[in-house]
Amino acid sequence: MGIHGLAKLIADVAPSAIKERELKHYFGRKVAIDASMSLYQFLIAVRSEGAQLTTVDGEPTSHLMGTFYRTIRLVEQGIKPVYVFDGKPPNLKGGELAKRAERRDEAQKLLQAAEEAGNVEDMEKFNRRLVKVTKEHVDDARQLLKLMGIPYIDAPCEAEAQCAALVKTGKVFATATEDMDALTFGCNILLRRLTFSEARKMPVQEFHFDKVLEDLELSHNEFIDLCIMLGCDYTNSIKGIGPKRAIELIKAHRSLETIIDNLDTKKFSVPEDWNFQQARLLFQEPEIMDPEEIELKWTDPDEEGLVQFLCGDKQFNEERVRNGAKKLLKGRNTSTQGRLDTFFKVLPNPNPTKRKADAPKSAAKKTKKGGGGRPRGRAK
């Protein structure tokens, strides 16, 4: 789910923190991809398009189709993807997971009613709500990535937190996910739409966290409290407070504790036994693997292994799979050229303001010496 309304809030209040890029802009970049979100997108998209690919037993394989072809597209653009899978959810997320289960149960009932009424539009809508990434989907994806020569990481807890840590330590350039809570975990650069279908023709959205904080005039901890007020996976939020009021309150009081002390409880009710401190701590100190101990290694694809895994029972076309393997190999060789800017490090100017201040002096000295014009007494 991520953070309610955060993308729109940033677009409205800090638009300069967002850039739109073409996919080719990321040539030579290493990008951490939120695997579960990616699989969910593929399952939803293919089901919506009505072209569900299945095994001989009728089990969906759209998660494999999406992962295979979209990853090839990234590699062809010179991008080096690494997929990060969720581990066990934190205890605080249990309430959100229970709500999702309830919503799925309700969607199942509504789907049955739509089927009985023959309402195709509602059938498609409620079918999408029933999509869930299962352990089998994840195991399939891991096996596929291994055969493709693409590295993956099993995070101990939240994938977004692990991705953010990889970005912060420079292991990868950015995190690709649709969940905005990667920013709440402190991810420097977040990419949305990176794994979208090429047919949708939507540019990649690039969010810069330092610019978000600068334009919102918040510290990281204040930003975390803002996200908790907007609504996150770990706890309830204060009813009646929308994004606009939330940003006003955090700027005025700077912490949730002070906001609660000054809140008009006749208008807004704080959740009973609100565990926002625990939620805050999950964002500040998430459970992650030490990025320095993670080795990311891209290898050549196993063409015969891919054919054996995807064809046959999974009913992929062998020729397309073999062509895909060749594209992976070619793209991998291309991406090893790297980006020019990875070979150089631009050092920050230690005293930029001094240089600005010096400029008028040197200009004045030059004027005094020669006036910048023609020497006097020497007319042409």
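The mean pLDDT of the protein is 83, with 75% of the residues reaching 70 or more. Over residues 352-380 the pLDDT stays under 50, and the model has two contacts beyond four places in sequence for this segment. Where pLDDT is low, the predicted coordinates should not be read in detail.

The largest nonpolar core comprises 96 residues, of which Ile-10, Phe-223 and Leu-226 touch the most other members. Helix α10, spanning residues 220-230, supplies the largest share of this core, at seven residues. Apart from neighbours within four places in sequence, Leu-226 contacts Leu-9, Leu-216 and Leu-218, together with Ala-246, Ile-247 and Ile-250. In soluble globular proteins, nonpolar side chains tend to be buried together.

Helix α7 covers residues 159-168, and nine of its 10 residues are buried, so the helix is largely enclosed by the rest of the structure. The buried positions are Ala-159, Glu-160, Ala-161, Gln-162, Cys-163, Ala-164, Ala-165, Leu-166 and Val-167. After α7 comes Gly-170, which has a positive phi, near 80 degrees.

Strand β7 is likewise mostly covered, with five of its five residues buried. Val-204, Glu-206 and His-208 point one way from the strand, whereas Gln-205 and Phe-207 point the other way. Burial applies to the residues of both groups.

Two strands pair with β7. Strand β1 (residues 18-21) pairs with β7 in the antiparallel sense over four bridges, and Arg-21 has Val-204 of β7 as its bridge partner. The pairing of β6 with β7 is also antiparallel and also extends over four bridges; here, Ile-189 is bridged to His-208 of β7.

Within β7 (residues 204-208), Gln-205 was examined individually. The relative accessible area of Gln-205 is 14%, and this residue is therefore classed as buried, the cut-off being under 20%. Beyond four places in sequence, Gln-205 touches Ile-18, Lys-19 and Glu-20, as well as Leu-190, Leu-191, Arg-192 and Arg-193.

Terms used
Residues numbered from 1 in each chain as written. Heavy atoms only, no water. Buried < 20%, exposed > 50% of the residue type's maximum accessible area, 1.4 Å probe, protein only. Contact = heavy atoms within 4.5 Å. Core = buried A, V, L, I, M, F, W, Y, C linked by side-chain atoms within 4.5 Å. pLDDT = per-residue confidence, 0-100. Pairing = 2+ DSSP bridges.
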